[in-house]
Amino acid sequence: MRFEIDVLKHLTYELHIKSPRLKLIEYRGKQIVQDLFECFDKDMDGELLPNDWRDRLRAIRSFADGEEMRKRLICDYTAGMTDAYALDVYSRLKTTNPAALFRPS
């Protein structure tokens with residue numbers, strides 16, 4: 001029975017986890033998260049962040065390790081996004097379609 005379970009685990013890993021389709025999605029997702037982080041990181045005043053996160057960003061400016069804390073805050077905000085929300089924010093930041101900017105949040 002143990003051998004059969006190991007075979008099925010290996011089969012699942014090879015057919016699904018290592019599939020080109022999943023690897024493509026994984027690669028694109030990583031790229032989107034990196035782009036989001038870079039956009040928020042370049043925005044020194046936090047104007048692209050929601051109001052509550054912007055307030056947090058402004059509150060940590062006076063700390064000695066403020067830059068490290070700022071990057072941590074951006075990382076926490078980005079990590080807390082759902083897939084759908086991350087895609088929506090990414091499309092608003094990077095789209096060439098102006099109508100996407102005016103979609104309701």
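Which residues of the largest nonpolar core touch the most other members? In this predicted model, the residues are L36, F40, L49, Y77 and M81, within a core of 14 residues. M81 illustrates the packing. Leaving aside neighbours within four places in sequence, M81 is in contact with L36 and F40, and also with A86 and V89. Of these partners, L36 and F40 are themselves among the core residues that touch the most other members.

L48 lies in the loop between helix 2 and helix 3. The relative accessible area of L48 is 43%, so the residue is partly exposed. Beyond neighbours within four places in sequence, L48 is in contact with C39, F40, D43 and L93. One of these partners, F40, also contacts M81.

R54 is found in helix 3, which spans residues 51–59. R54 is buried, yet the residue has no salt bridge. The nearest side chain of opposite charge is that of D55, 6.4 Å away. A salt bridge requires a side-chain nitrogen of Lys or Arg within 4 Å of a carboxyl oxygen of Asp or Glu. The R54 side chain instead reaches a backbone atom: the oxygen of E47, at 3.2 Å. E47 is also one of the residues that R54 touches when those up to four places away in sequence are not counted. L49 in turn belongs to the group of core residues that touch the most other members.

The cysteines were examined next. A search of the whole structure finds 0 disulfides. C39 is in no disulfide, and the nearest cysteine sulfur, that of C75, is 15 Å away. C75 is likewise in no disulfide, with the sulfur of C39 as the nearest cysteine sulfur, at 15 Å. A disulfide calls for two cysteine sulfur atoms within 2.5 Å. Solvent accessibility was also computed for both residues. C39 has 19% relative accessibility and therefore counts as buried. The threshold for buried is under 20% relative accessible area. C75 has a relative accessible area of 31% and so is partly exposed. C39 is also one of the residues in contact with L48.

Conventions:
Residues are numbered from 1 along each chain as its sequence is written. This is a predicted model: local features need pLDDT of at least 70, side-chain atom pairs count only at pLDDT 80 or more; totals for chains, interfaces and linings use all residues. Side-chain values use heavy atoms; hydrogens and water are left out. Helices (H or I, at least four residues) and strands (E, at least two) are DSSP runs, numbered from the N terminus. Buried means under 20% relative accessible area, exposed over 50%, partly exposed in between (1.4 Å probe, protein chains only). Lys and Arg count as positive and Asp and Glu as negative; His and the chain ends are not counted. A polar contact is a pair of N or O atoms within 3.5 Å; within protein, one must be able to donate a hydrogen and the other to accept it, and residues adjacent in sequence count only if both atoms are side-chain atoms. Contact means heavy atoms within 4.5 Å. A nonpolar core is a set of buried Ala, Val, Leu, Ile, Met, Phe, Trp, Tyr and Cys residues joined through side-chain atoms within 4.5 Å.
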